[in-house]
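Reader: I have a structure open and a few quick things to ask. Can we go through it together?
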Amino acid sequence: VTIDLSRQTEALSGWGRIDSSPAQVVRPTNAAEVQSLILQMSGSGRSVIGRGSGYSYGDPALNRDQCVVETTGLNRVLNWDPTTGIIEVEPGVTVGQLCQIVAGDGWWPPVLPGAKGPTVGGCLASNVHGKNNWRSGTFGEHVEEMDIVFADGSLKTVSPNQDGDLFRAIIGGFGLLGLIVRVRLRMSRSSGHLRVERFAALGIEDLMWVLDRWSSTADYMVGWIDGFGTGKDLGRGLTQIAFETDTPRRAGGRVSSFTGTTYGAVSSKLWPLIKPFANRPSIERLNAFQYLVGSMNTGSSTVVSRYNFDFFHDFLPNWNRAFKDGILQYQLFVPRKDAAAVFTTALTRVQEAGMPPFLTVLKLHRPDDFLLSEGVDGFSLSMDFAPGKRRDLLTTTLNAITEEIVLPACGRFYLAKDYLLTRDQARKSFGAEAMDAFIDMKRQVDPNELFVSDMYRRLFAD
Ligand SMILES: Cc1cc2nc3c(=O)[nH]c(=O)nc-3n(C[C@H](O)[C@H](O)[C@H](O)COP(=O)(O)OP(=O)(O)OC[C@H]3O[C@@H](n4cnc5c(N)ncnc54)[C@H](O)[C@@H]3O)c2cc1C
């Protein structure tokens with residue numbers, strides 16, 4: 001393939017659809033095409049960034065007025081060994097496809113994001129975490145090796161044992177060091193079903209207590225908070241504590257009939273149906289209703305398909321489009337000591353500003369040794385907002401929370417969900433040493449800054 005640099009640009013955005021950023025988009029279909037593209041680009045004076053399915057909320061897969069290489073066309077499964085659980089794929093294979101390939105043989109990806117659309121390449125570049133982060137770590141911890149096309153057009157295999165520093169910078173490096181074109185991943189054994197126990201909790205500290213209480217035995221855990229609860233209801237929520245289980249028939253309990261196959265082409269067109277409800281009064285009622293139903297079912301146990309548990313956000317595909325002015329997510333990771341206080345203050349502040357989050361999720365985490373890591377021995381709280389015309393007020397409020405509460409508590413942020421951090425705040429979040437080490441690594445493998453994104457310009461460039 002050749003890049004026609006005079007070609008029309010396409011309007012791209014992150015999953016939050018908060019802004020649009022035009023770029024020339026190229027769609028190679030194999031690694032050799034990626035190499036030839038990179039060679040052409042490196043002499044053109046233009047910059048480029050990789051893009052998978054565009055599920056990062058903000059700007060890591062955008063490159064305004066420059067070039068974007070979408071790797072969804074590199075979507076072949078190169079090898080699958082059901083005896084060892086090792087799979088070799090191109091980066092454009094989505095995590096949903098990965099599940100479909102391995103599930104029938106009794107395996108499942110060890111770490112998954114909350115939607116089935118993200119690509120393997122995007123999950124490596126963001127180093128995604130799942131509802132088992134405290135137990136199984138991040139996506140990058142399950143990689144045997146990967147092939148990278150670097151800025152000079154060379155293709156090299158990078159593995160955690162032989163190229164530790166480079167490996168730990170590329171994973172979670174948001175495509176800024178090179179393009180991933182092949183990866184070998186380890187899968188985990190799974191029956192494809194989980195037994196899920198549900199508990200209601202009266203506040204954030206209670207929710208954390210439940211997660212801590214089950215952390216030594218559960219396989220997956222997630223907390224949900226009614227972001228509209230105030231006063232005595234502040235931080236009230238529900239937890240789902242899930243355990244790997246045998247087949248539904250043998251595991252006992254009520255079996256959910258809702259399976260992964262329910263999500264089809266039809267459901268992806270249904271999102272306009274929720275448009276009339278994408279407003280504050282409806283969402284507030286929905287949060288209260290969810291808490292009410294959940295609290296009536298506290299202590300209940302159900303066997304569910306892993307599709308439904310893992311891909312919770314796909315309950316209605318493309319639901320983000322129902323929010324006309326876009327969605328902003330703010331996910332803060334805070335060490336255990338201060339987590340409850342920081343989350344309580346953060347939630348109170350956004351409520352006082354008149355913008356309670358429409359979706360609020362709590363997870364338990366552990367640290368990891370990737371260079372740009374948000375991992376902490378503590379918890380994360382993610383809050384989704386639909387700011388509408390009040391985006392400036394929301395960003396000012398969140399910025400104050402970052403400066404005054406999160407960073408002083410050694411909190412961190414996850415760049416796949418971020419759109420607001422400044423360069424200075426990112427240095428505090430990841431640590432100046434880690435940021436400098438990443439920039440040094442970039443100078444070594446990409447001295448002419450070929451790989452650039454809107455996020456890079458915001459957080460890294462001088
Ligand atoms: C509904 C929803 C739920 C989510 N749940 C979770 C969750 O539970 N946990 C979590 O951690 N994240 C979660 N995410 C975030 C999401 O998993 C990440 O943003 C992921 O990176 C998206 O993959 P993608 O293929 O869409 O990548 P994109 O968004 O297209 O790109 C993300 C980054 O990857 C880089 N990239 C993509 N392909 C390549 C490649 N081949 N080589 C090099 N770099 C590449 C891009 O340059 C960019 O920096 C969620 C997102 C949504 C919208």
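Reader: Start with Glu 88. Does Glu 88 count as buried or exposed?
Author: Buried, because its relative accessibility is 17%. Buried means under 20% relative accessible area, exposed means over 50%, and partly exposed lies in between, with a 1.4 Å probe and protein chains only. Keep in mind that this is a predicted model: local features need pLDDT of at least 70, side-chain atom pairs count only at pLDDT 80 or more, and totals for chains, interfaces and linings use all residues. Residues are numbered from 1 along each chain as its sequence is written, and side-chain values use heavy atoms, with hydrogens and water left out.

Reader: Which side chain does Glu 88 meet in a salt bridge?
Author: Arg 184, at 3.9 Å, N to O. A salt bridge here is a side-chain nitrogen of Lys or Arg within 4 Å of a carboxyl oxygen of Asp or Glu. The pair links distant parts of the chain: Glu 88 is in strand β6 (residues 86-89) and Arg 184 in strand β10 (residues 179-186), 96 residues apart. Helices (H or I, at least four residues) and strands (E, at least two) are DSSP runs, numbered from the N terminus.

Reader: And Arg 184, how accessible is that one?
Author: Partly exposed, at 24% relative accessible area.

Reader: Which residues share that network of salt bridges?
Author: Shared partners join Glu 88, Glu 144, Glu 145, Asp 147, Arg 182, Arg 184 and Arg 186 into one network.

Reader: How many salt bridges in total?
Author: The count is 31. One of them pairs Asp 377 with Arg 336, the closest N and O atoms being 3.6 Å apart. Asp 377 sits in the loop between β18 (359-364) and β19 (378-385), and Arg 336 in helix α10, 41 residues apart. Asp 377 is partly exposed at 45%, and Arg 336 is partly exposed at 36%.

Reader: What about the largest nonpolar core? How many residues does it have?
Author: It has 104. A nonpolar core is a set of buried Ala, Val, Leu, Ile, Met, Phe, Trp, Tyr and Cys residues joined through side-chain atoms within 4.5 Å. Those with the most contacts inside it include Phe 139, Leu 185 and Phe 460.

Reader: Which helix gives the most to this core?
Author: Helix α10 (residues 336-352), with seven residues.

Reader: What is Leu 185 in contact with?
Author: Leaving aside neighbours within four places in sequence, the partners of Leu 185 include Gly 85, Ile 86, Phe 139 and His 142. Contact means heavy atoms within 4.5 Å.

Reader: Last one, α13. Which of its residues are buried?
Author: Ala 434, Met 435, Phe 438, Ile 439, Met 441, Lys 442 and Val 445. They cover an arc of only 160 degrees around the axis, so they lie on the same side of α13. That arc is taken from the directions from the helix axis to the C-beta atoms.

Reader: And which are exposed on the other side?
Author: Glu 433, Arg 443 and Gln 444.

Reader: What covers the buried residues?
Author: The cover of α13 includes α5 (164-170), α12 (423-430) and α14 (454-459).
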